[in-house]
Amino acid sequence: MVSVLYSTEWLYGVMKSLIFNLTPMDAHALVLRALALADKSALPCAALRMIGWQAFSQSRPVSVGGVYLDHPLMLAAGFVKGHGFASEGEALAAVERGENIMPGWRSMPALVGLVEFGSFTRYPRVGNAGVVMWRDPATQSTQNRVGLKNPGARAAAAFLARNAHHLPRLLGINIAVSPGVDELNQGEREIREALRFFLDLGIVPAWFTLNLSCPNTEDDPGANQTDALARRYCAAAVAEIGGRAPLWVKLSPALAAEQYEALLHAAVETGAQAVIATNTLAQPTPDNPQVSAGMAGGRLHAAAVEAVTHLLRAKARAGYTIDVVACGGILSGEDFARFGTPAGQYWSALIYRGALAAAHIEREYEQLGRLDAPGDRRGRLQLEEADHV
Ligand SMILES: Cc1cc2nc3c(=O)[nH]c(=O)nc-3n(C[C@H](O)[C@H](O)[C@H](O)COP(=O)(O)O)c2cc1C
């Protein structure tokens with residue numbers, strides 16, 4: 001396992017200098033094209049699975065948000081999410097033609113294990129035009145204003161159902177509230193419909209995430225994070241899912257402590273089983289300070305740690321059992337340890353540490369002495385969580 005990690009780390013070190021010569025958008029497009037090729041057939045996926053299997057050969061089980069996971073780190077939403085489409089008809093026609101509308105759907109889980117697919121909105125979105133991705137190697141940060149580009153929940157569900165026999169055993173599905181919908185009944189209806197598309201076609205993920213926090217859309221800079229909205233939307237989602245999968249809720253960074261507390265109460269009281277903190281942080285783009293885009297990676301980390309700290313304190317005060325899943329600048333074992341949560345999600349680490357980032361981070365985390373043995377994980381982390389608050 002160690003030799004796979006060392007050799008892939010070395011290889012990625014070489015590849016990174018080539019990849020970083022491309023613009024972030026060109027590099028992303030190139031990687032997605034390669035993944036789409038790999039998705040096509042069993043052989044490359046089997047090879048990727050073999051590499052992943054060796055890299056993640058040591059099981060580090062963790063029970064989080066109503067799910068029993070073999071490993072504590074998951075690839076966050078936004079990587080395997082599919083192409084954008086202008087209409088549902090176009091997206092469904094592409095699925096009907098057998099096109100791969102979701103590059104990486106088969107190859108990424110084969111290689112990295114746990115993946116949260118999406119975000120999917122009720123209707124497709126083409127996303128924002130122009131330059132929408134940036135990277136800052138000096139701080140190991142990424143920034144994006146992709147704008148929730150996705151094929152829409154109906155086509156995404158149809159695509160996954162069509163390929164159900166090759167889906168991973170465990171996957172998460174992230175549903176986002178449609179930006180710009182500020183009428184509560186409509187928002188609620190859209191969430192329920194989006195969930196129903198998956199469930200009706202037998203796509204029951206290990207967890208659903210309700211993304212209340214997308215800063216990258218022009219019409220929804222504040223996202224849907226008031227207490228009232230969170231309650232309505234979470235309750236609607238829990239009712240629609242009907243106990244078939246746990247609901248997790250994803251929040252933004254940089255909210256006030258009281259707001260995190262209110263949102264945590266809303267999540268618990270409506271039946272959600274985990275809160276993911278955080279999504280990206282809206283910051284001016286390098287090209288135009290008038291336009292903002294979601295900061296992630298190193299420059300998000302402190303704000304994400306602060307958000308998680310507020311949530312863990314509120315959780316301890318109320319005596320809740322809901323889990324907090326850390327997300328934001330987990331680029332090393334030390335970064336993950338800083339959160340004191342049982343599980344985490346990563347995105348930017350893919351860029352700076354390569355596809356097997358999670359295996360490296362888990363190993364570093366273990367070397368910090370946080371774990372005596374893989375089997376001790378849960379007990380130790382609960383203690384740490386208590387210390388932390
Ligand atoms: C290009 C890109 C697209 C993203 N799209 C989504 C998305 O559709 N839904 C979502 O919940 N989060 C999305 N995210 C946010 C990530 O899931 C994650 O919360 C964020 O990047 C912080 O993690 P990191 O610091 O490890 O990158 C996206 C992030 C990036 C970089």
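**Close-ups of a predicted model**

**View 1. Who sits around the ligand.** Of the 24 residues around the ligand, the ones that come nearest are A77, S119, G297, G329 and S348. Here a residue counts as near if one of its heavy atoms lies within 4 Å of the molecule. Sorted by class, this shell has nine nonpolar, 13 polar and two charged residues. (Ala, Val, Leu, Ile, Met, Phe, Trp, Tyr, Cys and Pro count as nonpolar, Asp, Glu, Lys and Arg as charged, and the others, Gly among them, as polar.) Keep in mind that this is a predicted model: local features need pLDDT of at least 70, side-chain atom pairs count only at pLDDT 80 or more, and totals for chains, interfaces and linings use all residues. Residues are numbered from 1 along each chain as its sequence is written, and side-chain values use heavy atoms, with hydrogens and water left out.

View 2. A polar contact here is a pair of N or O atoms within 3.5 Å. A77 brings a backbone N or O atom to 2.7 Å from an oxygen atom of the ligand. K250 uses its side chain instead, with an N or O atom 2.8 Å from a ligand oxygen. At G297, a polar backbone atom is 2.7 Å from an oxygen atom of the ligand. How much of the ligand's 610 Å² of accessible area does the protein cover? The protein covers 97% of the area that the ligand has on its own, by the Shrake-Rupley method with a 1.4 Å probe. Two or more residues of the shell come from each of β6 (141–144) and β12 (292–297). (Strands are DSSP runs of E, at least two residues; helices are runs of H or I, at least four; both are numbered from the N terminus.)

**View 3. The second largest pocket.** About 540 Å³ of space lies in this pocket, and 21 residues line it. D70, P109, A110, G113 and L114 are the closest to its centre. (On a 1 Å grid over the protein atoms alone, a pocket is an open set of points where a 1.4 Å probe fits, with protein on both sides within 12 Å along at least five of seven lines; lining residues have an atom within 4 Å of a point. The volume is the space filled by probe spheres set on the points.) Helix α5 (107–112) gives the largest share of the lining, four residues.

**View 4. A tilted pair of rings.** F120 and F198 have ring centres 5.8 Å apart and planes at 40 degrees, so the pair is tilted. (Rings of Phe, Tyr and Trp, its six-membered ring, pair if their centres lie within 6.5 Å; planes under 30 degrees apart are stacked, over 60 edge-to-face, and the rest tilted.) F120 is in strand β4 (residues 116–120) and F198 in helix α7 (residues 184–200), 78 residues apart.

**View 5. Two cis peptide bonds.** One joins G118 and S119, with omega about 10 degrees, and S119 is in strand β4. Another joins A277 and T278, with omega about 20 degrees.

Methods:
Polar contact = N/O pair within 3.5 Å; in protein donor to acceptor, adjacent residues only side chain to side chain.
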